[in-house]
Amino acid sequence: MGFLSGAYGKLMAGKMVRSIQYEMTRVQSQLRRVTRELGNAEKMFNAQERNIKTQMQAKMQQSVFQYGAGLGMNIGDPTSLVGMDSAIMQKYSAFQQYQQYQYTMAQNSWQNAFEMQRDMVMEQLQAEQEDLETQKDNLDSRLQIAQQDYDQKKKEEQAGAKNIAPDYTGQG
């Protein structure tokens, strides 16, 4: 009876091991996909952030340059600024400071909105990643238990086979 019980138990335990291995493969594949998506999303957000900062900086500099040109200043040629009227220079300096302030305020506002969007997307992916890692750990534990059960049933089958094998020595 030990042989049949062991053989059937080994068969069922082997089926369980393969089932868990299949599930583990599926979860690992999803985990790799989510990890890749996290990396891609991070790269995308970093690139967007750099682009927007560069665009905002360029617009600020362009407006300051245009204001200076409107005052009769040639910002590209520092020697043309030598004899400039101090009132014009003060206006230009005040405008430049005002533009820097506006740029800083806009950047802070934009940065907050951008961070909220980043957090929303990244948190979803991170939650999915954590869930998959938990599933993987669970499956790993179940696989170890199923493998131990399989090994135990295999030994039981082998022991049962020894008991039903005929004894040809005649020593009974």
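View 1. Gln 107 is buried, with a relative accessible area of 19%; here buried means under 20% relative accessible area, exposed over 50%, and partly exposed in between (1.4 Å probe, protein chains only). You will find Gln 107 in helix H2. Helices (H or I, at least four residues) and strands (E, at least two) are DSSP runs, numbered from the N terminus. Leaving aside neighbours within four places in sequence, Gln 107 is in contact with Lys 53 and Met 56, where contact means heavy atoms within 4.5 Å. Please keep in mind that this is a predicted model, in which local features need pLDDT of at least 70, side-chain atom pairs count only at pLDDT 80 or more, and totals for chains, interfaces and linings use all residues. Residues are numbered from 1 along each chain as its sequence is written, and side-chain values use heavy atoms, with hydrogens and water left out.

**View 2. The whole chain, for orientation.** The chain has 2 helices and 0 strands. Its C-alpha trace spans about 125 × 25 × 15 Å along the principal axes. The radius of gyration is 36 Å, whereas a compact globule of 172 residues would have one near 16 Å; the value is taken over C-alpha atoms, and the globule rule is 2.2 Å times the number of residues to the power 0.38. Of the contacts with a separation of 6 or more, 86% are between residues 24 or more positions apart. Buried residues make up 22% of the 172 residues.

**View 3. The largest nonpolar core.** This core has 10 residues, including Val 17, Ile 20, Met 24, Leu 132 and Leu 139. Helix H1 (2–70) and helix H2 (86–164) each supply at least two of its residues, and the largest share, 6 residues, comes from H1. Apart from it lies another core, of 7 residues, among them Leu 38, Trp 110, Phe 114 and Leu 125. A nonpolar core is a set of buried Ala, Val, Leu, Ile, Met, Phe, Trp, Tyr and Cys residues joined through side-chain atoms within 4.5 Å. Zoom in on Ile 20 and you can pick out what it touches: Leu 139, Arg 142, Leu 143 and Ala 146, not counting residues up to four places away in sequence.

**View 4. Leu 31, a core residue of helix H1.** Leu 31 belongs to the largest nonpolar core and sits in helix H1. Leu 31 is buried, with a relative accessible area of 13%. Once neighbours within four places in sequence are set aside, the contacts of Leu 31 are Gln 129, Leu 132, Glu 133 and Lys 136. Leu 31 and Glu 133 are 102 residues apart in sequence, yet 7.2 Å apart in space, C-alpha to C-alpha.

View 5. Glu 157 is buried, with a relative accessible area of 15%, while Glu 115 is partly exposed at 27%. Not counting residues up to four places away in sequence, Glu 157 touches Phe 3, Gly 6, Ala 7 and Lys 10. From Glu 115 to Lys 162 there are 47 residues in sequence and 69 Å in space, C-alpha to C-alpha.
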